Amino acid sequence: MTGARPPGCDEQELRSLFLFEKLTSEQLAQLCRDGHVECFGPGPVYREGDPAENFYVLFHGTVVLSRQVGGQDVDVSRTSAPGVYAGAFQAYLGDQVPQVYNNSLRVTEQSRFFVLPAEAFAQIMHDWFPMAVHLLEGLFFGFKTTQEAVGQRERLLALGTVTAGLTHELNNPAAAAVRATSALRERIASARREFAALTAEPGRGADLAQLSGLQELTVGRMRQAPQLSPLQATDREDEVGDWLEEYEVADGWELAPVLVQAGLGTDWLDPIAAALPAEVLGSALNWLTCTVEAELLLNEIEDATHRVSALVGAAKQYTQLDRAPYQSTDVHELLDSTLLLLAAKIGPDITVVREYDRTLPRVPGYPAELNQVWTNLIDNAAWAMHHAGAGGGTLTVRTARDGEQVLVEFRDTGPGVPADVQSRVFDPFFTTKPVGEGTGLGLDVSWRIVVNRHGGDLRLDSAPGDTRFQVRLPIHPATADAPPERA
């Protein structure tokens, strides 16, 4: 909206504003020469992203500052205080920063401003306050450098969290595979000894041929065996133990648990007893049991290596090492890989509930960066629940469609974020964790990734026992280019 520019500028009226109250008469006169007074009716004064042409100081009226979040204007400040300023207040930094408005300004009633062109404001700052300009430049760029450095550390901490979780998760199946391999070597050696004992007796050719067939039958029965409950397994062990004792098989009560674990019972033992002479039954069952144990151990090794393979696949998915930086992706794949890698961090005392809407479309974006957002939000939720006193809780990860956006929600049953600090959780360096346990940049980095890089929205809704971080990502972003970063 074009403002009406009344003639003249009152130096004493300028002096009534806190921004100019300490200036000399000569300085006020220069301000009146370089600037002007302008009135605006209800409506916009300038828009975010436009070239920063003027510096505005309010005489009277009501102003509203807003920011673009996910393609929508979000009001961040509303005031009628005389002397408040907005616009090109970084003009003194010159070409060192993009000279665009970093918010939008509108008025809700007839409002009157002192308007100073950006070039004049920059020149006045350098001429009148050279030392202040140097200090402000140092403060601005020093803060930005610190933020970038600590932001890099936050990313490294996120990577460290994932690495620690991955190492822990890989250790379990790797150790299981090593143990199973060692035990398998012993069972193979035992099988060789039992077979040697059988072949040492003359005239056992027919019996050995029978054993070969029984071995194949045993392996086939194992693969078809149903899963038993603990109570069923105990009853089956008693039954098999009694059978082995009846047939005077040495160490029968040691063989029984192995046979039952493989799903073998008396219905498997009876045909063997009928097919073999009584004098070789014990040696034959010991040999077959070695075969059974070897098969069970091979299954353990197979499960362990599949687990390692799944973890490596999750790590690959998490880091997106084989993907283009910007692409269309399934958020559920990203969430599952992050949850898998953070399983150790989450711990067994936290129940993870997945409420996925599998009909959601793929979302354009930067998958590796979104994984960093999931890592920060899941890590924060786990920390809150572990430190709530109860030592655990429930983490619910929900996805849904919200208009033209995909919603990803992380809900935890922790103590919640105090109401008086909820508005600050996305501020750089702000943290509710004890000293040394948080950098205060995890949520700031997440905010920048979601809002600035993806044109989405990140919100917090918190109450004791019900804290929700909601990420909204546009299904059809207006542009793949990152919007201006938050000030």
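User: How many helices and strands are there in the protein?
Analyst: This is a predicted model, in which local features need pLDDT of at least 70, side-chain atom pairs count only at pLDDT 80 or more, and totals for chains, interfaces and linings use all residues. Residues are numbered from 1 along each chain as its sequence is written, and side-chain values use heavy atoms, with hydrogens and water left out. Helices (H or I, at least four residues) and strands (E, at least two) are DSSP runs, numbered from the N terminus. The protein has 13 helices and 15 strands.

User: What percentage of the 487 residues in the protein is buried?
Analyst: Buried means under 20% relative accessible area, exposed over 50%, and partly exposed in between (1.4 Å probe, protein chains only). Of the 487 residues in the protein, the buried ones make up 45%.

User: Of the contacts with a separation of 6 or more, what percentage comes from residues 24 or more positions apart?
Analyst: Contact means heavy atoms within 4.5 Å. Among contacts in the protein with a separation of 6 or more, the share from residues 24 or more positions apart is 75%.

User: Are α6 and α8 roughly parallel or roughly antiparallel to each other?
Analyst: Axes are lines fitted to C-alpha atoms, for helices over the stretch in contact, and angles run from 0 to 180 degrees between N-to-C directions. Angles under 35 degrees count as roughly parallel, over 145 as roughly antiparallel, 65 to 115 as roughly perpendicular and the rest as oblique. The axes of α6 (residues 230-246) and α8 (residues 266-275) come within 10 Å and cross at roughly 20 degrees. The two helices are therefore roughly parallel.

User: How do the residues of the contact of α6 with α8 divide by class?
Analyst: On the α6 side the contact is made by Glu239, Val240, Trp243 and Leu244, and on the α8 side by Thr266, Leu269, Asp270 and Ala273. Ala, Val, Leu, Ile, Met, Phe, Trp, Tyr, Cys and Pro count as nonpolar, Asp, Glu, Lys and Arg as charged, and the others, Gly among them, as polar. The division is five nonpolar, one polar and two charged.

User: Is Trp268 buried or exposed, and at what relative accessible area?
Analyst: Trp268 sits in helix α8. Outside the four places on either side in sequence, Trp268 touches Thr218, Arg221, Leu259, Leu285 and Leu288. Trp268 is buried, and its relative accessible area is 2%.

User: How far apart in space are Trp268 and Arg221, C-alpha to C-alpha?
Analyst: Arg221 is one of the residues that Trp268 touches. The two are 47 residues apart in sequence, and their C-alpha to C-alpha distance is 8.4 Å.

User: How is α10 oriented relative to α12?
Analyst: The axes of α10 (residues 331-341) and α12 (residues 367-386) come within 10 Å and cross at roughly 50 degrees. That makes the orientation of α10 to α12 oblique.

User: Which residues of α3 meet α2?
Analyst: α2 (residues 25-34) and α3 (residues 118-128) pack at about 160 degrees with axes 11 Å apart, and are therefore roughly antiparallel. From α2 come Gln27, Gln30, Leu31 and Asp34; from α3 come Ala120, Ile124 and Trp128.

User: Which side chain does a polar contact of 2.8 Å join to that of His36?
Analyst: His36 is in strand β1 (residues 36-40) and counts as buried at 14% relative accessibility. A polar contact is a pair of N or O atoms within 3.5 Å; within protein, one must be able to donate a hydrogen and the other to accept it, and residues adjacent in sequence count only if both atoms are side-chain atoms. The partner of His36 at 2.8 Å is Glu38.
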